[in-house]
Amino acid sequence: MSIVKEKASSMWFTQSLRLLHHELRRGELTIIFIAIMLAVATVFSLTGFSGQIKYAIVANSTNTIGADRVLRMSSEVDTSIIEKSQTLALQYARKIETESMAFAGDNMLLSELDAVSDTYPLRGELRIKTSLTQIASVVANAPKLGTVWVEPSVLSRLNVNIGEVIEIGVAQLIIAGIVTDIPDRSYRAFIAGPTVILNIADMPKTELIQPGSRITYKYLFAGETQAIESFEKWIKPQINESQRWYDAKAAQNRLSRILDTAEKFLSLASMLGIVLAAVAVAVASRRYGQRHQPNVSIFKALGASISHVRKLYCLHWTLLSCLSIAAGLVVGYGLMLLGANAIASYLSLADAPLTFVPFLTAIFTGLLCAIAFAIHPIMTLVKSSPLNVIRGFSQEKVARFGWYQLPPLLALFLLLLVFSQDLVMSAALLFGGVVVSFILLLFGRGLMSAGRSVGTKAGKSWHLALANLKRRASENSVQLVSFTIAIMLLLLITVMKSSILLEWEQQFPDDTPNHYLINITQDQIQPLKTFVEEKNIANQGFYHIYRGRLSAINGVKTVDKDDDSQVKNVEKTDDTEKQQAKKTKQQETRQGMGRELGLTWRTELPDENEIIAGQWWQVSDETPQVSIESNIAERLAVKLGDELTFTLGSDEFTVPVTSIRQVNWQSRQLNFIMVFNQSVLEQFPTTSISAWSISDDNRDMVYRFLANFPTITVMDFAAIMAQLNGIIEQVTVAIQLILILVVLAGSLVLIAQVQASMEERERELAILRTLGAKGSLLRNSVLYEFVALGAIAGLMASVGMEIAVYILQSQVFNMSGSFHFQYWLVGIGAGAFFVGLIGMLSCWRLLKLSSVTLIRRTM
Amino acid sequence: MQVEDKTLVLLQPLNLTVAAGESIAIVGSSGSGKTTLLSILAGLDLPSSGQVYLKNQPLHQFNEEQRSQVRAQHVGFIFQQFLLINSLTALENVMLPAELANMPDAQARGEALLAQVGLADRMEHYPSQLSGGEQQRVAIARAFIAKPDILFADEPTGNLDSKTGQHIIDLIFDLNVKEGTTLVLVTHDAKLAARCQRQVEMDSGALTEPLIETALANTDENQADSQTTSHDDLESKTSVSQVG
């Protein structure tokens, strides 16, 4: 008796396993399995991936500055500041940063030079290896006098080894080791070359520090929080406009911000993927419930109790969910590796640790989806009446709104919250998503209805297809919205990428300068001029350059809005400056430039410049005056005749604005915001700058010549452009990877929906067959229904893309807005093809059925 | 039954008793109410008023859970639509009722029954791999596996051609005799009905008079397997006689 009892108690268990085993094998649970798997995989790969990106960004640059606070300036610090720091018992280190050529025999290399004091670094670790075979690096401070540490690529590119000599400026230094970690390294992409670290006491030997040189002096401070804070309080009022005082948080540089933006975009796109995967789970679990209804009714008719059925299906669902989640973790891990691989050449994620966070987040997602989206269908399923075996299995109509919508919405919100860890953004996304979906829905319904009236005039198959589309409008709207969004994002990325790259390329004619020469001393100008004339190298002449700040307008001191804006402005491109000029023109009337400017004097109006107000001065005119760039003038609300005060080092002078120039910033000309007449700046020490167009053929010859002038900094614009293009390319790949997931999730929603409508479709086809409809008519009507659905999604996506591109082009990238009708065709065509294909594939089995089978199955 | 503002009468007051071991056919045209009667007799549905006893158990007082238990212990079904579970094999479908009734030898019984209905070599096939006749034979095996006291068959040949139908009928009656089961058969096929010991006819929700008299005459109150006194007319309060 007890054996029987035991057997009975476990019978639901056996039956549940049996059902699961058969259904999995027969592919009946594939959709729901993939839906949960996709949700888990998306979350896992994206959490892992973005986590690793974040880690890499942090590890590579931002949050370590080698100290608690850094004072950065273009000249040496006043000794009183150092003395004050010492009275507060702060630790202190010095660092000088510049760019210079490094030579070894006939080889040369543009390198980033870091001269550090013996106490460097104060926070974080500088790690080096003293031989190539050494496995573990050791912690170090500054190299010994007469020696340098270099990054590994210096050895290969100069073809030297540890122990050999390289030349920096005019100094000869021995390579004593390889640098593996620099605690305050700025992000690598825009830096001239690999780093060479030398002792700050060796710096004078190089003779690189000359008047007007581009040298950055950093003073690093660290100590007790309280001491640091009181030091900060004391020093902040003294910081002038050519200096920067920052902590780790403010140190983020431009590329890390680009990556940060990309990462945010990735998060947004992936949230879309997650939402779609969740919708797929919701649709599939409803389908799961409906599909199992007859089974439950049969079980009950044969005498199974409710608790038996409940236990059976709870186990069934739990096991199914667990399997899907496990598969999702595996797939997600693969996707994460794929994503990391895609951007590997720009961002090494190899060292980034894989934490438990993505695992836990993904498992949580899977469980949440499995519970929240399935609770209502499973409860309905368990309640299925045994009477259905007699009465037939009509699909129970569910109320349009009801409590059962609450768990999925809550789950969605929770998912977004867990993923973004941003309450406002999650709420905004959910709300925005509902609103956008609603708008798309309205449009979609409108288009589907319009299609219906067109259909009545079209052929029989179209007529039938569009009638079906309209009839199933509410079921179709989910996939309509998801496909619209997915197609729109794909179009957006494609259009933006190609239009940005195209616009850049179009702007640069072949003789555009591709090298900037900076830090040219006055006595170097003549030999350089002779050289470019002899070798016939296209160039833009030599400009004197002075570094100074705009300190007052009409006697009113300029202020920067906050310290942060100062940081941002330094990094802004000229393009965005123009943009910002527009945005801020009204409210910031006495807003300063927020950064040091490159000032110059000219006798003639430069090329690509046009006077739009006032007049350019006569060569002989010695009255001090300045010409200002038009966008900046607008932004600072500067008019002709306004008096501008500038600070150059410790000197200050005031000049009137006599002209306003429009400058073509898109040209790679050497452009200046403030141009003075000669008399104003002549008296100040200066270096010069030039832009050359160096072809690949004579690059070596030019480099060799320039090696005679070790203090001149050469910036290869082509290399920087190539790097930039590369980054855009990589980021695009990563985003496309996410969008593929989004499209997959959308397809799954479509397949799940088609599956859910399968019985209904079967019945319709059977009736039509019975009434004598030809196979081709039925096939075409099914095909056209999906094609029309895809085309509508494509059309709406194209309109959405056009609006988004216009906003981006005009508001963010400051390009002229343009239409992209060719992409409309792509969008509509791709939508029609893809949705048509998926729809046909999911209905294929149904369409292959012979009339007899079809009728027998449904009658 | 209330449909919008109209009251629909599905079954007129009726009184039917079926004796143990008896085979009875409920005949009638489509919509006459014979399937409704069957679902009430089998405890799948409840009458809005009246009483139903199955093996002396008052089904009309039972909730769904209790009725499930009664079905598991005493009832077998054969449906017009076969109603097999598509994702289970033939054998597993057959084993279901035995498993639900906690029979330890479900598999052996299932195999034996499938062999009896001529499907020994199709045990591992899924319903979709079987013809209509084969599916109904699986359903018959399933109906008999738990040795039910009463077998309810709803148009068991409705979906089959006449030759296959004949074969199925033979099977049902053979097993019925062999197992000593009470058989309640709903059909509109007069030939099939004729093979039952007794026939009653449904017409517009009412059992025709002469047949009811026959039924009453045949009633043996102690051996009654199933009896129903049903009154679905909400408008009248006519009391219904009760047997048992």
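What follows is a talk about a predicted model.

Trainee: What makes the residues of chain B and chain A count as being in contact?
Mentor: The cut-off is heavy atoms within 4.5 Å. By that rule, 35 residues of chain B are in contact with 31 residues of chain A.

Trainee: How much area do chain B and chain A bury between them, and what kind of atoms is it on?
Mentor: About 2900 Å² is buried between chain B and chain A, with 62% of it on carbon and sulfur atoms. On the side of chain B, the residues that lose the most area to chain A are Ser87(B), Glu99(B) and Leu100(B), together 19% of what that side buries.

Trainee: Why is the pair Glu64(B) and Lys300(A) called a salt bridge?
Mentor: The rule asks for a side-chain nitrogen of Lys or Arg within 4 Å of a carboxyl oxygen of Asp or Glu. The side chains of Glu64(B) and Lys300(A) meet at 3.7 Å, N to O, so the pair qualifies.

Trainee: And what makes Arg18(A) and Glu99(B) a salt bridge?
Mentor: Their closest N and O atoms are 2.6 Å apart, and the limit is 4 Å, so this pair is a salt bridge as well. Arg18(A) lies in helix H1 (residues 2–25) of chain A, while Glu99(B) lies in helix H3 of chain B, so the pair joins two chains.

Trainee: How many salt bridges are there between chain B and chain A, and how many over all chains?
Mentor: Between chain B and chain A the count is three; over all chains it comes to 18.

Trainee: How many residue pairs are in polar contact across the interface of chain B and chain A?
Mentor: The rule finds 10 residue pairs there, both residues being at pLDDT 80 or more. On the side of chain B that touches chain A, the elements giving two or more residues are helix H1 (34–41), helix H2 (64–74) and helix H3 (90–100) of chain B. By class, that side has 16 nonpolar, 11 polar and eight charged residues.

Trainee: Which helix gives the most to the lining of the largest cavity?
Mentor: H23(A) does, with four residues. Helix H14 (460–471), helix H23 (758–770) and helix H24 (775–812) of chain A each supply at least two residues of that lining. Among the lining residues are Leu464(A), Arg761(A) and Glu785(A). By class, the lining has five nonpolar, two polar and four charged residues.

Trainee: Which residues line the second largest cavity?
Mentor: The lining includes Leu302(A), Arg71(B), Val75(B) and Pro148(B). Elements of chain B that give two or more residues to it are H2, strand S7 (75–78) and helix H5 (132–145). The volume of the second largest cavity is about 60 Å³, and its lining has seven nonpolar, one polar and two charged residues.

Trainee: Where is Pro121(A), and what is its peptide bond from Tyr120(A) like?
Mentor: Pro121(A) sits in the loop between strand S3 (107–116) and strand S4 (126–129) of chain A. The bond from Tyr120(A) to Pro121(A) is cis, with omega near -10°. Most peptide bonds are trans.

Conventions. Residues numbered from 1 in each chain as written. Chains lettered and ligands numbered in written order. Predicted model: local features only at pLDDT ≥ 70, side-chain atom pairs only at ≥ 80, totals over all residues. Heavy atoms only, no water. Buried area = accessible area lost by both parts, 1.4 Å probe. Polar contact = N/O pair within 3.5 Å; in protein donor to acceptor, adjacent residues only side chain to side chain. Nonpolar A, V, L, I, M, F, W, Y, C, P; charged D, E, K, R; others polar. 1 Å grid on protein atoms, 1.4 Å probe; cavity = no way out; pocket = protein on both sides within 12 Å on 5 of 7 lines; lining within 4 Å. Points joined across faces, edges and corners; volume = space filled by probe spheres on them.
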